[in-house]
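Student: Please take a single part of this model and go through it closely, setting it first within the chain as a whole. I would like the cut-offs stated as you go.

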Amino acid sequence: MSIDNLYTPLKLGALELPHRIIMAPLTRMRSPGGVPTALSAEYYAQRASAALIVTESAAISAQALGYPDMPGLYNAEQIAGWKRVTDAVHAKGGRIIAQIVHSGRTSHSSYSASGALAVAPSAIVPVGGQAFTPSFSLEAFEVPRALETHELAGVVESFRQAAENAISAGFDGVEIHSANGYLLDQFLQDNSNQRTDEYGGSIDRRARLLLEVVDAVAQSIGADRLGVRLSPSGNFNDMRESDPVGLFSHVIEALSDRAIAYLHLIEPRASSVGLGDDLSFDVANNARRFRRLFKGPVISAGGYTAQSGSEALAAGDADAIAYGRMFIANPDLVERFKSSADLNRYDRNTFYGGAEQGYTDYPALNAAQ
Ligand code: FNR
């Protein structure tokens, strides 16, 4: 079957995409002090033929950090580092959006100068999995501190400020990370949110923090430059929800009403963060299940090939497809798909941390020939 439908233009809020092959957000842990380097600029610029680049998640505040050498978007040095990245991508004709995150309970006390515990909706530790410390060692997750109600306005403001900083850094927009078990997802789902204030309990209340963040960011940078990423039925970071269809239907309808630029859904068939290489097929199909609830464009991610991505578009399940691991290994993925060329294989050992190796040294097709 032809994959031509991946190569038609798409309007995503204020952005005009020349085609529909998107680079998924990919944490690479190569920004010491939270500042993206010249190497980060080279890495993203190599991938500028993507219809849209969504960056690795950037912390909205020092409290939001959860991975070693992850970038931030909360101080002048970080903004300047990102400006190098956005300039390099724009110089090559690309478009780039910043993904912003608060890590919540997946962080670790070693990120805090005073040894403060990670924060979360409730004092519930994720079972299984480990925290990455600033020195790249893995430690058991700690029982987090439940945020006080009066602190939540500060979390909303940090998201808003980080979004404003992203625009100052030259980004074309912002994606709010409300997936994969980080703070906003922890508020949504009932195995991590057992609050008794107005941010816990009913679906409506659990969705409140995310929607406050969305409203504040939309007010600041415009809804047409704002996307939201969700991972219904994903279990990374020990997430579980007793009513995933009810919860995520409510959230997606509320986002649809707000006319944000796009909704980004992760499919649970691939581990939400690409931890395993195999796909499972006895799980929910989020794009199919939720697409009709959102009026704007939907990006779908998770274990796609060129063929299966094209089929999802043809079926009307999504409007664009995001590729993660394939974009790590293939800077020219868009051109390779088009010419049915062989793909470089990704090397899991160099996903996180390090320098050029496994970052900027994957060859493009014409360089390999
Ligand atoms: C990820 N993923 C991810 N997701 C996200 O929303 N923010 C992030 O920072 C990251 N970081 C990240 C790092 C690495 C090394 C991998 C492999 C994955 C998840 C990613 O965006 C995507 O949803 C999954 O990789 C599934 O897509 P693929 O890889 O099957 O195309």
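Tutor: Of the contacts in the protein chain between residues at least 6 apart in sequence, 72% join residues at least 24 apart, where contact means heavy atoms within 4.5 Å. The model is predicted, so local features need pLDDT of at least 70 and side-chain atom pairs count only at pLDDT 80 or more, whereas totals for chains, interfaces and linings use all residues. Residues are numbered from 1 along each chain as its sequence is written, and side-chain values use heavy atoms, with hydrogens and water left out.

The protein chain has 12 helices and 14 strands, these being DSSP runs numbered from the N terminus (helices are H or I of at least four residues, strands are E of at least two). Its radius of gyration is 19 Å, close to the 21 Å that the globule rule gives for 369 residues, so the chain is as compact as a globular protein of that length; the radius is taken over C-alpha atoms, and the rule is 2.2 Å times the number of residues to the power 0.38. Along the principal axes, the C-alpha atoms fill a box of roughly 60 × 40 × 40 Å. Of the 369 residues, 59% are buried, a term that stands for under 20% relative accessible area, with exposed meaning over 50% and partly exposed in between (1.4 Å probe, protein chains only).

The buried residues of helix 6 are Leu209, Leu210, Leu211, Val213, Val214, Ala216, Val217, Ala218 and Ile221. When reading such a list, recall that an α-helix has 3.6 residues a turn, so residues three or four places apart point the same way. The partners against which the buried residues of helix 6 pack are helix 3 (152–168), strand 10 (173–177), helix 4 (183–188), helix 5 (203–206), strand 11 (226–230) and helix 7 (244–257). Just after helix 6, glycine 222 takes a positive phi of about 100°.

Two of these partners can be followed further. For helix 3, the 17 residues should span 24 Å at 1.5 Å a residue, and the end C-alpha atoms are 24 Å apart, which agrees. Leu152, Val155, Val156, Phe159, Arg160, Ala162, Ala163, Asn165 and Ala166 are buried in helix 3, and their cover includes helix 6 together with helix 2 (76–91), strand 5 (96–101), strand 10 and helix 4.

Helix 7 has 14 residues, and its first and last C-alpha atoms lie 20 Å apart, close to the expected 20 Å. Its buried residues are Leu247, Phe248, Ser249, Val251, Ile252, Ala254, Leu255 and Ser256. They pack against helix 6 and also against helix 4, helix 5, strand 11, strand 12 (262–266) and helix 8 (286–290). Just after helix 7, the residue with a positive phi is alanine 259, at about 50°.

Terms used:
The expected span of a helix is 1.5 Å times one less than its number of residues.
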